[in-house]
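Me: Hi! I have a structure open and would like to talk it through with you. Could you take a look?

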Amino acid sequence: ELGIRRMIFTGGEPLLDKFIFDKIKYAKELGYTYVHMFTNGSLLIDRFRENLLKSGLDSLTISFDSAIKEEYEKIRIGLDYDKTVNNIKALYALKKELKSDVPVIRINMVALPENLRSRQFFIQTFRGFADIVEIIDEHNFAGSVETDFSTREYSQTSRDPCHILFIKACITPTGHLKKCSIDHTAKAEITDLQTTSLKNAVYSERLVKIKKDHLLHIFSETGCTNCTQRESWWVDY
């Protein structure tokens, strides 16, 4: 009824959810034309790979922030570089073995100071076992991460309205609509969908006001004030 046709599983590690493959299948059964998922790849273990490839998932983004072991493990604290790389290679090989067109496997790296010198190496390394390899801009998760952006041509006076507000309905695992997919604070929550319909939540007074303010280049909403996210995470393939 609201025109939502795409489903994205993100905001943490979806593979920690033991029902994730059932949810993907259910979304496809409901008629969602495109279902996407983000993962860090650490849990793409043997028993999950075939389930993932047969779930109906249309595309998968694997966040992997360096092709150099020392850099990667410094950025992704607690993860094992070799295990995760082997997971990704095995997933891509199984996709080829099954002769499957989906999911489109995308490996991306966030451009960080820690991986400045290894970005071209990253593309060369992962080109062989992914459909798309890309480097995306760093951002500070609605101001929650301290980052020095003083060298960038970006400010609250030059920024555009955030189109996450206009193209996404972001739902938390606890069933709340929130204004933004990268603001993980309680203040980002708009309403509880267990007591309010999604339609009423999307057209709620508060959310409509935030959108109107953005169109007027007013970014006074908590989380928007010093957010450096310039683009939506959603990529239209």
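This is a predicted model: local features need pLDDT of at least 70, side-chain atom pairs count only at pLDDT 80 or more; totals for chains, interfaces and linings use all residues.

Me: Great. Which residues touch the most other members of the largest nonpolar core?

Reply: Those are M37, L52, I62, F64, L91, I107 and F126, out of 31 residues. A nonpolar core here is a set of buried Ala, Val, Leu, Ile, Met, Phe, Trp, Tyr and Cys residues joined through side-chain atoms within 4.5 Å. Buried means under 20% relative accessible area, exposed over 50%, and partly exposed in between (1.4 Å probe, protein chains only).

Me: And which element gives the largest share?

Reply: α4 does, with six residues. Helices (H or I, at least four residues) and strands (E, at least two) are DSSP runs, numbered from the N terminus.

Me: Let's switch to α8. Which of its residues are buried?

Reply: In α8, residues 205–215, the buried ones are L207, I210, K211, D213 and H214. They sit on the same side of the helix, because they cover an arc of only 160° around the axis, taken from the directions from the helix axis to the C-beta atoms.

Me: What covers them?

Reply: The cover includes α6 (164–167), β7 (176–178), β8 (189–192) and α7 (198–202), with contact meaning heavy atoms within 4.5 Å.

Me: What does the face turned away carry?

Reply: That face of α8 has the exposed residues E205, K212 and L215.

Me: What about K99, what is its phi?

Reply: K99 has a positive phi of about 55° although it is not a glycine. This residue also belongs to the loop between α4 and β4.

Me: Is K99 buried or exposed?

Reply: Exposed, as the relative accessible area of K99 is 74%.

Me: And H217, where is that found?

Reply: H217 is in the segment after α8. Its phi is positive, about 60°, although H217 is not a glycine, and at 45% relative accessibility H217 counts as partly exposed.

How values were computed
Residues are numbered from 1 along each chain as its sequence is written. Side-chain values use heavy atoms; hydrogens and water are left out.
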